Amino acid sequence: MIAAIRVFGYSLFAIFIGLLFMGIGRKIIARIQLRLGPPFYQAFLDVGKLFARKSITHNFVMDLGMIMSLAGLLSTMLFVPVAGHMAIKTSSNLILIIYLMAIGHLGMAMAAAASGNPNATIGVSRALTMMLGYEIPFFTVMLGLIIFNGTSSLELIAQSQAGGILNWNMVKFPLGFLAAEIALQAIMGEKPFDAMVAPAEIASGPMVELGGKYLGLAFLTHAVSIFVETGIMVNLFMGGASNVFTFVLKQFEIYLITILIEAVFPRFRIEQAVKFLWTVPMSIAVVQLAIILL
Amino acid sequence: MKLDKESIIELLNQKGVEVLDLYPNQISVNIKKDNLLNHLVFLRSIGFDHLSFINAVDFIDEGEFELVYHVWSYTHKIHVLNKVRISRNNPVIPTIVNLWEQAQFYEQEIHEFFGIIFEGNKDLSPLFLENWVDIPPLRKDFDTKEFSVRLFGAEIRR
Amino acid sequence: MMDSPSYMLSKIAEKDNLTVYELFFGPNHPGMHGNFGYVLEMIGTEIVKVRPNAGHLHRGFEKLMEQKLWVQNIALVPRICVADPDPNEVAYCTAIEKILRVDIPDRAKFLRTITLEMSRLSSFLMGMGALAAAVGLYTAMNIMTADRDLILDLFEWLTGARVYHMFSIPGGVRNDLADGFVERLYKVLDHLEKRLIEYDKLLFENPIIHKRLKGLGYVSKEDAVKYGLTGPNLRASGNPYDVRVDDPYAAYPYLDVRVITQEGGDALTRAIQIRLEFEETINLIRRALKTMPEGEIRLNLGNLSALKVPKGEAYAKVESSKGEFGYYVVSDGGMKPYRVAVRGPSLPAGLLLAQKHLPKMKIDDVAAWMASLAICPPDIDK
């Protein structure tokens, strides 16, 4: 019973922080583009409006796919330590987390394929190809950290960086941080690697047939994914945090770097993106791995 | 090498074509339907290589359509209006797609709006209007007011 | 190698005739400018056949113009092109003035030239922004829209309307410049020149833009003339032709227009062409403002609502930011035109080049291809 309340509480917290980040991000991008921008709480209003609408659906598979993607990401969130606390008292194995994150994409792929629009199918195939692209450099960096710390538990990696800013992995392994940052752009689906949602080319990709409550679910999935991915980066490279407030602040720093890069780059074509991800961040990560092994 | 307007008028007169000098850079030529392709090939050979536009005019009182082929030369800087008259009851004329490929779309448009048939054009399907069952709309005997009243029940109030 | 799962699946599907599917790059699409569509038949992500889906913007201008008085058509004519409306008015009025065999006063010519060049600036900003948005650089699109607003405010001060100005009338122009207009115009031009440095860093020297646009939609030098392309597309393929120099109108005989030509012929060259012509346009406006004479702004042709144009015909053409806009006007001596035919510059690129370039292209590049050729659907449909 207590566990159920903890799970529910953590999920609400993740959704709240994700939507807040989305709203503030839109405001910052608007100011870069010489506009005023929407208010910082705009994402909450969007989700509220979307859930108040009727929506059309094609078949049962589309419903199941959307719920599966949200559920997959929420279950991933339960294993990411937030300032040392976790929703369920269990191990926070890094490999398990990366494995569970794929369920989000698979659920969305199922929903998009069931919708029957060729735009959605092209978008889904691009998303899965991009996954092939970013996993390789990201895994190489993580492999280096796991070998260095001798454990694959995210909590222990975060605790090993205690003792001041000079102890952070970001400062000890700067090349690894650089490669992981480039891969993070692709994981979060932001330019220059957002070929999955390419409005001008394939009419928003997988989300083209979603409307009303389904689009609201897609928004919530995106919000939780922001929370999870920035959370993993903070634990890996910025030393976790001692309290929740500092943790959220560090997450926001990572998200800010993502937003600032996104504002000034156009998007790669999908084959150019994968080629870039397999050469530039990969070589930096391999160099970092070699330094760790020697 | 650049020819001036008088030399071009001279060349065309030698071919038996009558030329009207309209404006400093524009001349107008009347040609017969059977002579159209030869005339355009000749113009192209002396440097008129840009086909600007093809359009049609409906002279209902004279019972004829007039097709105007606009060509321009980048070397001589002269614009020629080549005018061909065809009968309104049986509007048929050969196509010039083999000379300039963009003519296919101009002719498609003229077929849709005037009903002129271009022999040899491989695709004269409707380009702009959908499910059109009336007479071609740019003809002078198509009355827009009467069309609105008949189709949509619009009322004309004076 | 990337495609091997889909290659195997496509081989299986070929047996059941299920490989080719139809995609609407349609009228309702975030990457399309205006209501126009291509119906694409595709295999995988590669296009096989193209069919244009035109006519959503057909408003019946040519039939409508036969039923209105000569001066009433001035309100209809700018609406044929959304981005660059002034060339339409000038071409229509020039055709009427040719049939009437009158010459308008010099100050009117210069005023027409200044509004034409200002409209060219705002159309270039919109065109560059559309090209940036087609590849995902929304920052450039929004900053250029903000700068375009400055020019539209100037237009509102001069003519009373922001987008469709209805400024040229047969015989001259409607209004003269107000006090302080020229100073404000100089300030806007200085601001735009400073902004060009930022655009260079953001858009034209962006390495990803070079990767996306290089080699896209190549048009050779002879093909550009053969297919009927005009304007910046023609000059970016190596042909040094410009209507302002070849067949001058308005005040261009008094101004020295520099014709900018580049070799290259692909989308990246066309993007850089627009940027170079942007700079040249700013200098042209400055030269025109310095040499503008005083005088009348329109001829006295009597009551314009009772204008009767004698029997005759004329073709007038104008260089807009997309190419050659032409108006063929036939008059039978009455108070209404007998026939007005409009030549839009986007038809050769939008309909003919689509048949030549789009098959064998991937779906990723269609929006960027359209934006680089400045295909604007309203002047295909009229």
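Q: Under what relative accessible area does a residue count as buried, and what share of chain B is buried in this predicted model?
A: Buried means under 20% relative accessible area. The model is predicted. Chain B has 158 residues. The buried share of them is 53%.

Q: Which pair of chains has the most contacts?
A: Two pairs of chains touch. The most contacts are found between chains B and C.

Q: In what order do helices and strands follow each other along chain B?
A: Chain B holds four helices and seven strands. Its C-alpha atoms fill a box of roughly 60 × 40 × 25 Å along the principal axes. Read along the sequence, the pattern is α-β-β-α-β-β-β-β-α-β-α.

Q: What percentage of the contacts in chain B with a separation of 6 or more comes from residues 24 or more positions apart?
A: A contact here means heavy atoms within 4.5 Å. The count takes contacts in chain B with a separation of 6 or more. Residues 24 or more positions apart account for 51%.

Q: How far apart are the mean positions of the positive and negative charges of chain B?
A: Chain B carries 17 positive and 24 negative charges.

Q: Why do the buried residues of α2(B) lie on the same side of the helix?
A: Helix α2 of chain B spans residues 36-45, and its buried residues are B:L36, B:H39, B:L40, B:F42 and B:L43. They share one side of α2(B) because the arc they cover around the axis is only 160°.

Q: Which residues are exposed on the other side of α2(B)?
A: Exposed means over 50% relative accessible area. On the other side of α2(B), that applies to B:N38 and B:S45.

Q: Which elements of chain B do the buried residues of α2(B) pack against?
A: One partner is a helix, α1 (5-14). The strands are β2 (26-31), β4 (64-72), β5 (79-87) and β6 (92-94).

Q: Which residue just after α2(B) takes a positive phi?
A: The phi in question is about 120°. The residue is B:G47.

Q: Why do A:F21 and A:Y255 count as a stacked pair?
A: The whole structure has 23 aromatic pairs over all chains. The ring centres of A:F21 and A:Y255 are 5.7 Å apart. Planes under 30 degrees apart count as stacked. The planes of A:F21 and A:Y255 are at 20°, so the pair is stacked.

Q: How many residues apart are A:F21 and A:Y255?
A: A:F21 sits in helix α1 (residues 2-32) of chain A, and A:Y255 in helix α11 (residues 244-262) of chain A. The pair thus links distant parts of the chain, with a separation of 234 residues.

Q: Is A:F21 buried or exposed?
A: The cut-off for buried is under 20%. A:F21 has a relative accessible area of 4%, so A:F21 is buried.

Q: What kind of ring pair do B:F53 and B:Y106 form?
A: Their ring centres are 5.7 Å apart. Planes over 60 degrees apart count as edge-to-face. The planes of B:F53 and B:Y106 are at 80°, so the pair is edge-to-face.

Q: Which strand and which helix of chain B does the pair of B:F53 and B:Y106 link?
A: The two residues are 53 residues apart. B:F53 lies in strand β3 (residues 50-59), and B:Y106 in helix α3 (residues 103-114).

How values were computed
Residues numbered from 1 in each chain as written. Chains lettered and ligands numbered in written order. Predicted model: local features only at pLDDT ≥ 70, side-chain atom pairs only at ≥ 80, totals over all residues. Heavy atoms only, no water. Buried < 20%, exposed > 50% of the residue type's maximum accessible area, 1.4 Å probe, protein only. Lys, Arg positive; Asp, Glu negative; His and termini not counted. Charge placed at Lys NZ, Arg CZ, Asp CG, Glu CD. Arc of directions from axis to C-beta. Phe/Tyr/Trp six-rings, centres within 6.5 Å; stacked < 30°, edge-to-face > 60°.
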